[in-house]
Amino acid sequence: VQLQASGGGLVRTGGSLRLSCAASGRTFSSNAMGWFRQAPGKAREFVAAIRWSGGSTRKSAVYADSVNGRFTISRDDAKDTMYLQMNSLKPEDTAVYYCAAGAISSIVRLPTQAAYDYWGQGTLVTVSS
C-alpha cells in the first residue's frame with residue numbers, strides 16, 4: 001500500500017485546512033487509517049483515526065483529546081482517500097502530519113503507531129499566531 005499525503009500549508013490561528021491521504025496498491029488489506037503528527041523537537045503523536053468494517057458500511061473514528069471537536073476525519077471509499085478537516089487551528093497544531101494505514105483488529109489500538117503497517121511521507125502544517 002502506498003500513501004500520499006497532501007494539503008498542508010501556512011494558515012493563521014483560527015483558520016482551517018483539509019489534509020488528504022490517497023491510498024493505492026493493495027488497499028483491501030487495510031481496514032483502518034490514521035493521522036499522526038510530529039512537532040519540532042517532539043515525538044510523533046496520534047491525532048485521529050478511522051476504522052471500517054462490513055464492507056466499509058460501518059465506520060468508527062477516534063480523536064486525540066487535543067483535537068476533539070476541532071478536527072474531523074473521514075474517508076471516501078470510492079477514492080480510497082482519507083481526509084482530515086482541521087478547523088480552529090492553533091499554533092500548537094504546527095507539525096508534520098503523517099497518514100498511516102493498516103489492518104487493525106480493535107478500535108482500542110487505533111492510537112498506537114505500531115499498529116499501522118504503511119506510512120505516507122508527511123505534509124507540513126504551520127499555524128501562525
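The model is predicted, so to speak of local features takes pLDDT of at least 70 and side-chain atom pairs count only at pLDDT 80 or more, while totals for chains, interfaces and linings use all residues. Residues are numbered from 1 along each chain as its sequence is written, and side-chain values use heavy atoms, with hydrogens and water left out.

**The disulfide**

- Searching the whole structure turns up 1 disulfide (a pair of cysteine sulfur atoms within 2.5 Å).
- The partners are Cys21 and Cys99, with their sulfur atoms 2.2 Å apart.
- The pair ties together distant parts of the chain, 78 residues apart: Cys21 sits in strand E3 (residues 17-24) and Cys99 in strand E9 (residues 95-102). Strands here are DSSP runs of at least two residues (E), numbered from the N terminus.
- The S-S torsion for Cys21 and Cys99 is about 65°, so this disulfide is right-handed.
- Both Cys21 and Cys99 are buried, meaning under 20% relative accessible area with a 1.4 Å probe, protein chains only.

**The sheet**

- Four strands make an open sheet in the order E1-E3-E8-E7, with antiparallel pairing; two strands pair if DSSP finds at least two bridges between them.
- Strands E1 (2-6) and E7 (71-76) are at the edges with a single partner strand each, so one side of each has no neighbour in the sheet.
- On average, neighbouring strands of this sheet are turned by 15° against each other, direction ignored, using axes fitted to C-alpha atoms.

**The E7/E8 pairing**

- E7 and strand E8 (residues 81-86) run antiparallel and are joined by 6 bridges.
- Ile73 has Leu84 in E8 as its bridge partner.

Note on methods: Buried means under 20% relative accessible area, exposed over 50%, partly exposed in between (1.4 Å probe, protein chains only). Axes are lines fitted to C-alpha atoms, for helices over the stretch in contact, and angles run from 0 to 180 degrees between N-to-C directions.
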